[in-house]
Amino acid sequence: MHHVELRDVNKRFGTFDAIKHLSLGIEKGQFCALLGPSGCGKSTLLRMIAGLEEVTSGDIFINGENVTDTPPAKRKIAMVFQSYALYPHMTVKQNIGFSLSIAHAPKEFAEKRIAEVAKMLQLEQLLDRKPAQLSGGQRQRVAIGRSLVREPEVFLFDEPLSNLDAMLRVQMRLELAKLHKDLDSTMIYVTHDQVEAMTLADKIVVLDSGEISQVGTPLELYNNPANRFVASFIGSPGMNFLPVTASSMDGLNATLGLNGGTGIIVQTKTPLGKSIPTDGLEMGLRPEHIHVTSPDDGSANLKGNVAIVEQLGNSTILYVDTDAGQFVVEEDGAIGTKSGDNVGLVLDRKNIHVFGAGGLTI
Amino acid sequence: MSATLSTTNDLGLAMAAQRQRRIKTFDLVGLFATIATVIAAILWAFPLYWGVVTSLKPEAEVVRAGVQLLPAHWPLDSYTYALFDTKIGVWYINSLTTSLATTLIVVIMSAGAGYAISQLNFPGRRILWWMILASFMVPIQALIVNHFILFSQFHLINTLTAVVGPQLLAPVTVIIYKQFFDSVPKDFREAAVVDGAHEFQLLFRIYLPMNWGITTALAIITFIGAWNNFLWPFLAVTEEDKMNITVGITQVSDAFGVKYARDLATAILAGLPVAVVYLIFQRRVTQAIMLSAGIKG
């Protein structure tokens, strides 16, 4: 039995379908990230699980119980908002203990629980401060504390790190990962940042226009994207996409032809030419799966000219113009290639993805 | 020697330049504006000054021909009369009771109505909102006959309830609250809903405490308005024991003619608490006036 389950869930705003007949299961203790670009419906989906958004059709189950029409407070969930939503007139202590206070929890119990949470999140010194007197990271911890104090079955996070600066975001990411490890609770985390999703989640649900594009572990999504959308969304720098022609098709083997390049034999998942048309094919290859060599090297699949060089220290990003189009290449930080150099590109054929005209991986 | 001369010359030049700069920066428009403002302030304050001075004079001096800017004697008779020979104490208590009741009920009702219209979804919400906006455009004087008939039919004339009742119609405060609640990010509401708060807890523990400034400002301005209200309390109450201070001072008359000092002394005593309230909460009152001016604009 799934800990959180969505069955054929649909959400319509007027004539616009924000979520289209979506089904999903999340296991107990899993850290599930809902990932997608702005407007894909990930926050709407989270709000539906929280009970803040009505479900147009379908059912939501938490711990086996149908909670579709249950008010948010009775769903045994807690939510951390993007804006933290800390009440500005209350101290940290009052913010953390708010849910206990409105539930008229005994004072001793509330005090004990607040102290436990404050200790866990290292907020003991800040309990008497107001939110305005806290830094971004401290506010974030208080927001998490407010959800922890309720001991919920499921934690919901709506882009909780997006208001933090880059360094603090990395720090808070680690703290969240530690919290998940310590609590072993089910967490559903909405983000548009694929790095956050990849580093935190056990399971990533990629959403596109209200539909699930792919569900899988971070590495499954990275190495075996189900379609062009997932392939383009996961990974930074993004995957290279280039139009190709297919020839010499033999079962799962096909030779892909690039403009101005040598033929590359790749293995597809589905035989080309029979049920899959060969028109509008695209090849996808991640920047780290392309290697720079001398233009005279016989193993080079393509020749090109380096347009831009970005040195990041541990790696160097090269933008190489070829007859087939521009390639983004990730090379070692110590590579001496300069802008304007003529280079040869060796494509790692084992890591080439082929996408059909509809965008699906072939 | 020549060095000393040159230094003296330099100093003279510098002083001349400074004088020139001063003349250049002399703000003629500013000077006229200041003079005009001072004249306006004197014109505004003079009646107040004249009222206070008159209330301190003996009646004989008040009616004497000519302008007497300060009393020749300071007998304070008119004040002792107003304080000890009238029912001013009862009128004060009546004013305080009705003004506090009006303020409390108006604030609670307006906050509740503003919250409901701003945050809740219920049938007729839009119509209700338009009705409140429309009622804002109807002057209270236009309704006063209806109010009188209504309270008369309920046999409430000559009661403090009658004084308070019509003053509870305060669309401006509802509008101000609604606008404030509209501006509160919805995350606060949703976080509290997830935590299990119901609507009353949301209003009284989240929305109102989030900005007590608005409530304080509205309470002060409502209190001052209720204290100063004359027309309706004058119509609703005819018994001296039920009168507010504003109505009560009309009773300080004498069978042998008008007593200006006495009347002014009572009027000053009537206005004094509001003046004190205003002086203490000046900033809040200004804030409230600006809030309501924003609505009207």
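Is the crossing of α5(B) and α12(B) right-handed or left-handed? In this predicted model, the crossing of these two helices of chain B is right-handed.

## Confidence of the model

The structure is a predicted model, with an ipTM score of 0.83 and a pTM score of 0.78. For chain B the mean pLDDT is 85, and 89% of its residues reach 70 or more.

Confidence can also be stated for the elements of chain B. The highest mean pLDDT among them, 94, belongs to α5(B), whereas helix α1 (residues 2-25) of chain B has the lowest, 62.

## Helices α5 and α12 of chain B

Helix α5 covers residues 88-119 of chain B, and helix α12 covers residues 212-228 of chain B. Their axes lie 9 Å apart, and the helices pack at an angle of about 140 degrees. An angle over 145 degrees would count as roughly antiparallel; α5(B) and α12(B) are therefore oblique to each other.

On the side of α5(B), the contact is formed by B:S95, B:T98, B:S99, B:T102, B:T103, B:V106 and B:V107. These residues meet B:T215, B:L218, B:A219, B:T222, B:F223, B:A226 and B:W227 of α12(B). Sorted by class, the contact comprises 7 nonpolar and 7 polar residues, with no charged residues.

## Helices α12 and α15 of chain B

Helix α12(B) also packs with helix α15 (residues 260-280) of chain B; the two axes come within 10 Å and cross at roughly 165 degrees. Because of this angle, α12(B) is roughly antiparallel to α15(B). The crossing of α12(B) and α15(B) is left-handed, whereas that of α5(B) and α12(B) is right-handed.

From α12(B), the residues in this contact are B:I220, B:F223, B:I224, B:W227 and B:N228. From α15(B), they are B:P273, B:V274, B:V277 and B:Y278. The contact of α12(B) with α15(B) has 8 nonpolar residues, 1 polar residue and no charged residues. B:F223 and B:W227 take part in this contact and also in the contact of α12(B) with α5(B).

## The sheet of five strands in chain A

In chain A, 5 strands form an open sheet with antiparallel pairing, in the order β16-β20-β17-β18-β19. The edges are taken by β16 (290-293) and β19 (325-332) of chain A; each has a single partner strand, so one side of each lacks a neighbour in the sheet. From one strand to the next, the twist averages 45 degrees.

A:H291 has A:V346 in β20(A) as its bridge partner.

## The sheet of three strands in chain A

Another open sheet of chain A has 3 strands in the order β11-β15-β21, with antiparallel pairing. Its edge strands, β11 (240-243) and β21 (353-355) of chain A, each pair on one side only. With direction ignored, neighbouring strands of this sheet are turned by 25 degrees against each other on average.

Strand β15 (residues 282-285) of chain A is joined to β21(A) by 3 bridges, and the two run antiparallel. Opposite A:M283 stands A:V354 in β21(A).

## The contact of the two chains

Chain A contributes 17 residues to the contact and chain B contributes 14 residues. On the side of chain A that touches chain B, β6 (77-80) and α3 (98-102) of chain A each supply at least two residues. This side of chain A has 14 nonpolar residues, 3 polar residues and no charged residues.

Terms used. Residues numbered from 1 in each chain as written. Chains lettered and ligands numbered in written order. Predicted model: local features only at pLDDT ≥ 70, side-chain atom pairs only at ≥ 80, totals over all residues. Axes fitted to C-alpha atoms, helices over the stretch in contact; angles between N-to-C directions. Helix = DSSP H or I, 4+ residues; strand = E, 2+ residues; numbered from the N terminus. Parallel < 35°, antiparallel > 145°, perpendicular 65-115°, else oblique. Left-handed = near helix turned anticlockwise from the far one by under 90°. Contact = placed C-beta atoms within 7 Å. Nonpolar A, V, L, I, M, F, W, Y, C, P; charged D, E, K, R; others polar. pLDDT = per-residue confidence, 0-100. Pairing = 2+ DSSP bridges.
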